[in-house]
Amino acid sequence: MPVDPNPAMFGTGPADGMTNGGEDVLDEEAAQAEVLQKAKAVPLTPLPFEVTEEAPAKIGRIRILRCFGRTVFVGPHWCCSFIMLGVILAIGSSFTSYNRTKGSLLHSVLGFVATLASALSFLACALSSPGILKPSPGSAGGPGHPEQFFASNGKRHCNACDLKQPAGVLHCDYCHVCIIGWDHHCPWMNKCIGEGNLFFFNSFLGVSLSSLGYIVLATMLGS
């Protein structure tokens, strides 16, 4: 008596399972390849320089010092900062001494406060980090080649630091580092003004110009 063939008798079930398993593996590999492709499409972002125990004592031409438990950054034009601080103290002390001689207690106290505020706001900017971009290990350093005159648009490669500059970064030929959010190089602050110390710079301008205006006005009215 003839018997109809039954697909189950020939083990087609396991074959179907092997087929589905192979498709799952292919789908997983395709998903991993897609993730890898997306990761390659995203450029690596350079990291800001952070002061750690292993950090060097100097990066570019900016020295990193520990003073009274705080980290200070001293740029190449430190002598200009001494001159600026001397001018601030000379003007303030002259005004204060003049009014103390005249017996004006109010202007003596206000002159001392204005001088102290100007000096402290100046030091806050002059000793703070401008916002340094960490150079790649083994990079050449030094001034940039070619010289950079404008902040990066996000597509420029810095040969000195061997990194792709994010937008707003400029490699300073005086400081020999890439500055995040570069604004300008200020010799009186001994280094660049960037994202890290721009607030302190603007604060110093506001405090010092207000103090100078008060001293000039008080001197003119009192003469």
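How do the axes of helix H2 (residues 78-102) and helix H3 (residues 105-126) cross? Here are some notes on that and a few other features.

1. This is a predicted model, where local features need pLDDT of at least 70 and side-chain atom pairs pLDDT 80 or more, while totals for chains, interfaces and linings use all residues. Residues are numbered from 1 along each chain as its sequence is written, and side-chain values use heavy atoms, without hydrogens and water.

2. The H2 and H3 axes come within 8 Å and cross at roughly 170°. That makes H2 roughly antiparallel to H3 (angles over 145 degrees count as such). Axes are lines fitted to C-alpha atoms over the stretch in contact, with angles from 0 to 180 degrees between N-to-C directions. Helices are DSSP runs of H or I with at least four residues, and strands are E runs of at least two, numbered from the N terminus.

3. Helix H4 (198-222), where Leu 212 is found, gives the most to the patch, with five residues.

4. Two backbone spots deserve a look. The peptide bond from His 145 to Pro 146 is cis, with omega near -5°; Pro 146 sits in the loop between strands E4 (132-133) and E5 (157-158). Asp 162, a residue other than glycine, has a positive phi near 55°.

Key
Angles under 35 degrees count as roughly parallel, over 145 as roughly antiparallel, 65 to 115 as roughly perpendicular and the rest as oblique.
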